[in-house]
Amino acid sequence: MTAQQPKAAPCPICGKPAHPRYRPFCSRRCADVDLGHWFSGQYRVPSTEIPSEMDEKYTRRVDPDDEVG
Ligand SMILES: [Zn+2]
């Protein structure tokens with residue numbers, strides 16, 4: 001009988017057997033990778049969209065050819 005754990009969840013990053021110290025990852029590196037995914041997903045800086053204050057409501061220009069019949 002081997003003293004293996006019944007359910008050793010593999011590292012979600014690379015698939016290697018998880019290390020008890022870095023569960024559920026196999027190493028700190030993979031843990032950092034996962035953390036990086038979290039940061040990139042949660043704390044993603046929204047694109048700085050500057051609201052255009054230049055409304056076109058004042059840019060209504062009359063067509064010079066509007067009287068062309
Ligand atoms: Zn890993």
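Predicted model: local features only at pLDDT ≥ 70, side-chain atom pairs only at ≥ 80, totals over all residues.

Me: How many helices and strands does the chain have?
Reply: Helices (H or I, at least four residues) and strands (E, at least two) are DSSP runs, numbered from the N terminus. By that rule the chain has 0 strands and 1 helix.

Me: What percentage of the residues count as buried?
Reply: A residue is buried if 20 or more other C-beta atoms lie within 10 Å of its own, exposed if 12 or fewer, and partly exposed in between; C-beta atoms are placed from the backbone. The chain has 69 residues, and the buried share is 7%.

Me: Which residues does UniProt list for "binding site"?
Reply: The listing comes from an unreviewed UniProt entry. UniProt positions are given in the numbering used here, feature names are shortened, and annotations may be inferred rather than shown by experiment.

Me: Is Cys11 buried or exposed?
Reply: Cys11 sits in the segment before helix H1 (28-42). Cys11 has 22 C-beta neighbours inside 10 Å, so Cys11 counts as buried.

Me: Is Cys14 buried or exposed?
Reply: Cys14 also lies in the segment before H1. Because Cys14 has 12 other C-beta atoms within 10 Å, Cys14 is exposed.

Me: Which residues does Cys14 contact, leaving aside its neighbours within four places in sequence?
Reply: Two residues are in contact if their C-beta atoms, placed from the backbone, lie within 7 Å. With neighbours within four places left aside, Cys14 is in contact with Cys26 and Cys30.

Me: Which residues make up the largest nonpolar core?
Reply: A nonpolar core is a set of buried Ala, Val, Leu, Ile, Met, Phe, Trp, Tyr and Cys residues joined through C-beta atoms within 7 Å. The largest one here has 5 residues in all: Cys11, Ala18, Phe25, Cys26 and Cys30.

Me: Is Ala18 buried or exposed?
Reply: Ala18 is found in the segment before H1. Not counting residues up to four places away in sequence, Ala18 touches several residues, including Cys11, Phe25 and Cys26. With 20 C-beta neighbours inside 10 Å, Ala18 counts as buried.

Me: How far apart in space are Ala9 and Phe25, C-alpha to C-alpha?
Reply: Ala9 is in the segment before H1. Ala9 has 11 C-beta neighbours inside 10 Å, so Ala9 counts as exposed. In sequence, Ala9 and Phe25 are 16 residues apart; in space, C-alpha to C-alpha, the separation is 8.7 Å.

Me: Is the peptide bond from Arg23 to Pro24 cis or trans?
Reply: Most peptide bonds are trans. Pro24 is found in the segment before H1. The bond from Arg23 to Pro24 has omega near -5°, and is cis.

How values were computed. Residues numbered from 1 in each chain as written.
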